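Here are my notes for your first look at this one. Keep the model open while you read, and take the points in order.

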Amino acid sequence: ASAEPAGAGAPQPGSHAARRLAAIAERPPREPDARDPASRRAYYGLEVPAAHGVANARSLARMMAAVVGEIGGMRLLSPRSVAEATTPQTDGVPPMAEGPAAGPPLRFGLGYQLPSTSMLGLGAGSFGHAGAGGRLAFADADADVGFGYVCNSLRDIGPGGDPRWRNLLDALRACLRASRGPSIRLRSPRGVSNRAVAPRRP
């Protein structure tokens, strides 16, 4: 399938962008009617491969923390698997436009988004996924932390991500500094500077 150049009009028929837009159009609305039990059941019962996860923020953070460390006696991925999953796979691939304007820049490893303006984290050690309308979940192997954020309604997060994320990440950095003592500098993703945060406790 061909990628669409940024700034193009409607995607070419048969392209990945056109197929994705058609699939989105066939699904129910992105948000159920909160006052209609049938609408909520239909929405939360959807099975959409590689999408449509339903969780709360605590569960997302716990799951992501278990990807980079042991939580409740369980670790989901080995350090080697994390290294493989976070190896960039899409750097250098032209961005795909799905309409008159290009979407936010995306970087992917194997199944996870990597840090970019549309998937913020703490640094180059962060990986996870932005969700519909402003949701965000990631793990950071350098800081040994999992993070989850959900919101009550969808909003267009735009190419720079959701502005609420920056305030939350600043608060997370402050918590890490306060709880873990002397700070270290996280690896910066693709030349973007990041504030120093604390190392994990032994």
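How many helices and strands are there in the protein? Five helices and five strands, where helices (H or I, at least four residues) and strands (E, at least two) are DSSP runs numbered from the N terminus.

1. Ground rules. This is a predicted model, in which local features need pLDDT of at least 70 and side-chain atom pairs count only at pLDDT 80 or more, while totals for chains, interfaces and linings use all residues. Residues are numbered from 1 along each chain as its sequence is written, and side-chain values use heavy atoms, with hydrogens and water left out.

2. The overall layout. Of the 202 residues in the protein, 32% are buried (under 20% relative accessible area, with exposed meaning over 50% and partly exposed in between; 1.4 Å probe, protein chains only). Take the contacts (heavy atoms within 4.5 Å) between residues at least 6 apart in sequence: 41% of them join residues at least 24 apart.

3. The sheet. Three strands make an open sheet, antiparallel in its pairing and ordered β1-β2-β3; strands pair if DSSP finds at least two bridges between them. β1 and β3 are the edge strands, each pairing on one side only. From one strand to the next, the twist averages 10 degrees. Between the antiparallel β2 and β3 there are five bridges, and A137 sits opposite G148 of β3.

4. Two helices against it. Helix α3 packs on the sheet and touches β1, β2 and β3, its direction making about 155 degrees with that of β3. Helix α5 (residues 163-180) also lies across β1, β2 and β3, at about 145 degrees to β3. For these angles, axes are lines fitted to C-alpha atoms (for helices, over the stretch in contact), and angles run from 0 to 180 degrees between N-to-C directions.

5. A closer look at α3. The end C-alpha atoms of this helix (residues 57-68) are 17 Å apart, which agrees with the 16 Å that twelve residues should span at 1.5 Å a residue; the expected span is 1.5 Å times one less than the number of residues. Its buried residues include L60, M64 and V67, and among the elements covering the buried ones are α4, β1, β2 (136-140) and β3 (145-149). At the start of α3, a side-chain oxygen of N56 comes to within 3.3 Å of the backbone nitrogen of R58.

6. The cores. A nonpolar core here is a set of buried Ala, Val, Leu, Ile, Met, Phe, Trp, Tyr and Cys residues joined through side-chain atoms within 4.5 Å. The largest has 15 residues, and L136, F147 and W165 are among those with the most contacts inside it. β2, β3 and α5 each give two or more residues to this core, with α5 supplying the largest share, four residues. A second, separate core of eleven residues includes L60, V67, L114 and A137. As background, nonpolar side chains in soluble globular proteins tend to be buried together.

7. One to click on: Q113. Is Q113 buried or exposed? Q113 is buried, at a relative accessible area of 2%, and belongs to the loop between α4 (79-85) and β1 (126-130). Its side chain reaches the backbone nitrogen of A130 at 3.0 Å. Leaving out residues up to four places away in sequence, Q113 also touches others, including F108, M119, F127 and H129.

Notes:
Polar contact = N/O pair within 3.5 Å; in protein donor to acceptor, adjacent residues only side chain to side chain.
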